[in-house]
Amino acid sequence: MSVRVAAEARQEQMKAVVRSAASGWLLLVAGARPADPDALLDPERTVARLSVSINAINVQAGGVATIGPLEARAERPGVVKWFRLTTPVWLPILDGDIGVSAGDLRLTRVDLLAGDLVQVESITLTAPVAA
């Protein structure tokens, strides 16, 4: 089966995602990433919480959106390996990988200490073409 999603529908998908994320949170998390975003998150593994302002969201043509810049201080030490984007009431939207040279979200360093400034220039999200 090869289902394809129309460009206009992809655009609407991405608008829905970013509307959900407005005033939500980008959580940077240590440890293994769960199989899907519906898995419960151990709050003790959250190293940093970055607030997602509506002003930091930009939806572009083709089902693409960018979020950023964002910054916050690390709340506890840890090696961040993945992130979760949530709604303002902490409902999960999506998860992604973090890395230095590769990953859905790239940071200058992933080994953080409590109080370190965490800066995210931007994250690019793309709605899938196939459903």
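1. First, a term: a salt bridge here is a side-chain nitrogen of Lys or Arg within 4 Å of a carboxyl oxygen of Asp or Glu. Keep in mind that this is a predicted model. By that cut-off, the structure has six salt bridges.

2. Take Arg 76 and Glu 44: their closest N and O atoms sit 3.7 Å apart, and the two form a salt bridge. The partners come from distant parts of the chain, 32 residues apart, with Arg 76 in the loop between β5 (70-73) and β6 and Glu 44 in the loop between β1 and β2. Glu 44 is exposed at 56% relative accessible area, while Arg 76 is partly exposed at 24%.

3. Glu 75 makes a salt bridge with Arg 49, at 2.6 Å from N to O. Glu 75 is in the loop between β5 and β6 and Arg 49 is in strand β2, so this pair ties together parts 26 residues apart in sequence. Both partners are partly exposed, Glu 75 at 38% and Arg 49 at 35%.

4. Then there's Arg 109 with Asp 116, a salt bridge with N and O 2.9 Å apart at the closest. Asp 116 is buried, at 16% relative accessible area, whereas Arg 109 is partly exposed at 39%.

5. On to the strands. β1 (residues 25-30) has five of its six residues buried. β1 runs antiparallel to β2, joined by five bridges, with Leu 26 partnering Leu 50. β1 also pairs antiparallel with β6, over six bridges; there, Ala 30 partners Val 80.

6. Last, the largest pocket, about 230 Å³ in volume. Its lining has 14 residues, and those nearest the centre are Leu 27, Leu 41, Arg 84, Thr 86 and Trp 90. β2 (46-51) and β6 (78-86) each give two or more residues to that lining. By type, the lining splits into seven nonpolar, two polar and five charged residues.

Methods. Residues numbered from 1 in each chain as written. Predicted model: local features only at pLDDT ≥ 70, side-chain atom pairs only at ≥ 80, totals over all residues. Heavy atoms only, no water. 1 Å grid on protein atoms, 1.4 Å probe; cavity = no way out; pocket = protein on both sides within 12 Å on 5 of 7 lines; lining within 4 Å. Points joined across faces, edges and corners; volume = space filled by probe spheres on them. Helix = DSSP H or I, 4+ residues; strand = E, 2+ residues; numbered from the N terminus. Nonpolar A, V, L, I, M, F, W, Y, C, P; charged D, E, K, R; others polar. Buried < 20%, exposed > 50% of the residue type's maximum accessible area, 1.4 Å probe, protein only. Pairing = 2+ DSSP bridges.
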